Amino acid sequence: MCSSDLVLDSPVVNAFALPGGYVYVTRGLMAIASDEAELAGVIAHEIGHVTARHAARRYSQQVVAGVGTAVVGVITGSDDIAETFSFGASAVLQSYSRDQEFEADTLGVRYLGRAGYAVEAMGTFLAKLDRQSSLEAELAGRPPGEVDGLNIMATHPRTPDRVERASAQSGAGRRERDAYLQIVDGLVFGDDPDHGLVRGRSFIHPRLGIRFDVPQGFRLASGTRQVIAQSANGATIVFDSSRSEPIAMTEYLRTVWGRSLTLAEIERLQVDGFDAATASTRIQTRRGPLDLRLVAVRVDASVHRFLYLTPPALTPILAADLRRTTLSFRRLTPAETTAARPQRIRLHTVTTGETRAHLVELMAPDAGRDRRFDIMNGLAPGATPAAGTVVKVVAE
């Protein structure tokens with residue numbers, strides 16, 4: 001198994017290797033792996049990339065790309081915008097080629113077998129990733145097979161022949177399912193409350209005591225420093241928090257957050273009774289011109305900030321929806337704060353006569369929980385596990 005230092009506290013299903021041989025996996029990936037052999041297969045594959053020096057070559061490309069990303073930050077005067085654009089651009093640069101993936105598969109299978117694991121685990125996990133990616137695309141309103149920069153499929157493209165070739169490998173190695181399930185029992189699933197919780201179109205942060213809602217059609221993702229919501233039509237919302245300054249919010253926009261921008265329509269607001277301000281501008285990026293709206297809300301010693309990026313043609317269409325997002329910002333009630341708990345993986349032993357419907361009902365409410373139950377337990381679509389089988393469920 002991998003060291004806890006190399007498991008990233010992220011709900012995103014991802015894994016990657018860095019020059020020097022460091023391999024990282026996320027707890028999101030661990031949540032959908034069915035056994036130790038599948039996790040070992042992911043690590044072996046990443047080690048294959050390191051051995052073949054794919055990671056070093058990719059890193060060199062990324063350093064060059066970072067220069068262009070920095071220019072976006074200079075133009076806008078905002079590290080937040082730079083992070084947003086690097087987030088999208090780096091996914092393309094970081095994608096491995098088909099040949100590199102095949103080479104990493106070949107090396108990974110060799111390493112997996114030498115470690116005594118069942119090498120077919122690599123194929124079962126590749127197939128599982130395809131299903132997971134399709135589910136996430138559907139829930140986000142994207143076409144099947146389309147991935148975003150957060151998904152492991154963006155950097156490790158899967159193809160049917162790769163899955164078939166990896167699945168054809170066989171061996172008498174170990175899977176270590178029972179031991180693995182004991183390790184992931186109680187693992188946080190989805191967002192960590194310390195960084196805020198995504199619940200559908202709502203973002204809830206119990207430690208900061210705030211929440212807001214994004215428009216229909218936007219997909220929310222919470223990180224350690226920012227919350228990003230993206231729509232299929234190219235609009236982006238970035239939310240973060242900063243230390244408050246002893247000045248009016250209109251001055252905060254002019255002299256602090258938007259000091260490098262030529263701001264227009266600077267206006268004072270009240271949001272849930274808090275002092276706030278908004279301003280707009282247009283910026284030039286590699287994606288072409290984008291309209292940018294800044295909103296800052298002071299709550300006690302913090303300034304909570306919304307950054308709205310829209311293609312000019314969509315700005316008037318989305319204006320009312322984005323304004324509703326701003327006005328949805330409010331303090332949590334004490335009851336909401338108490339109820340904002342993380343979801344966790346729990347183990348359940350299937351009893352005689354227990355139906356699939358009942359097993360799915362054990363999963364926390366989620367639009368895709370029926371398919372998610374199958375994926376995280378390595379089940380065929382719609383299958384009912386046999387009595388005595390230990391399965392993973394996601395519980396509140």
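What share of the contacts in the protein chain with a separation of 6 or more comes from residues 24 or more positions apart? Such residues account for 63% of those contacts, where contact means heavy atoms within 4.5 Å. The model is a predicted one, in which local features need pLDDT of at least 70 and side-chain atom pairs count only at pLDDT 80 or more, whereas totals for chains, interfaces and linings use all residues. Residues are numbered from 1 along each chain as its sequence is written, and side-chain values use heavy atoms, with hydrogens and water left out.

**View 1. The protein chain with its 14 helices and 17 strands.** Helices (H or I, at least four residues) and strands (E, at least two) are DSSP runs, numbered from the N terminus. Of the 396 residues in the protein chain, 51% are buried, a term for under 20% relative accessible area, with a 1.4 Å probe and protein chains only. The accessible surface comes to about 17,800 Å², and carbon and sulfur atoms hold 54% of that area, as computed by the Shrake-Rupley method with a 1.4 Å probe.

**View 2. The largest nonpolar core, with 25 residues.** A nonpolar core is a set of buried Ala, Val, Leu, Ile, Met, Phe, Trp, Tyr and Cys residues joined through side-chain atoms within 4.5 Å. The members that touch the most others are Phe-203, Phe-212, Ile-237, Phe-239, Val-297, Phe-306 and Phe-329. Strand S13 (residues 288-299) gives the most to this core, with three residues. Leaving out residues up to four places away in sequence, Phe-239 touches, among others, Phe-203, Ile-210, Phe-212, Arg-225, His-304 and Phe-329.

**View 3. The crossing of helix H2 (residues 36-51) and helix H6 (residues 121-139).** The two axes, lines fitted to C-alpha atoms over the stretch in contact, come within 8 Å and cross at roughly 90 degrees. H2 is therefore roughly perpendicular to H6, the class for angles of 65 to 115 degrees. Ala-37, Glu-38, Gly-41, Val-42 and His-45 in H2 meet Ala-121, Met-122, Thr-124, Phe-125 and Lys-128 in H6.

**View 4. Phe-218 in strand S8 (residues 218-222).** Phe-218 counts as buried because its relative accessibility is 8%. Leaving out residues up to four places away in sequence, Phe-218 touches Ala-229, Gln-230, Ser-231, Ala-235, Thr-236, Ile-237 and Leu-322. The C-alpha atoms of Phe-218 and Gly-234, which lie 16 residues apart along the chain, are separated by 10.0 Å.

Technical notes. Buried means under 20% relative accessible area, exposed over 50%, partly exposed in between (1.4 Å probe, protein chains only). Axes are lines fitted to C-alpha atoms, for helices over the stretch in contact, and angles run from 0 to 180 degrees between N-to-C directions. Angles under 35 degrees count as roughly parallel, over 145 as roughly antiparallel, 65 to 115 as roughly perpendicular and the rest as oblique.
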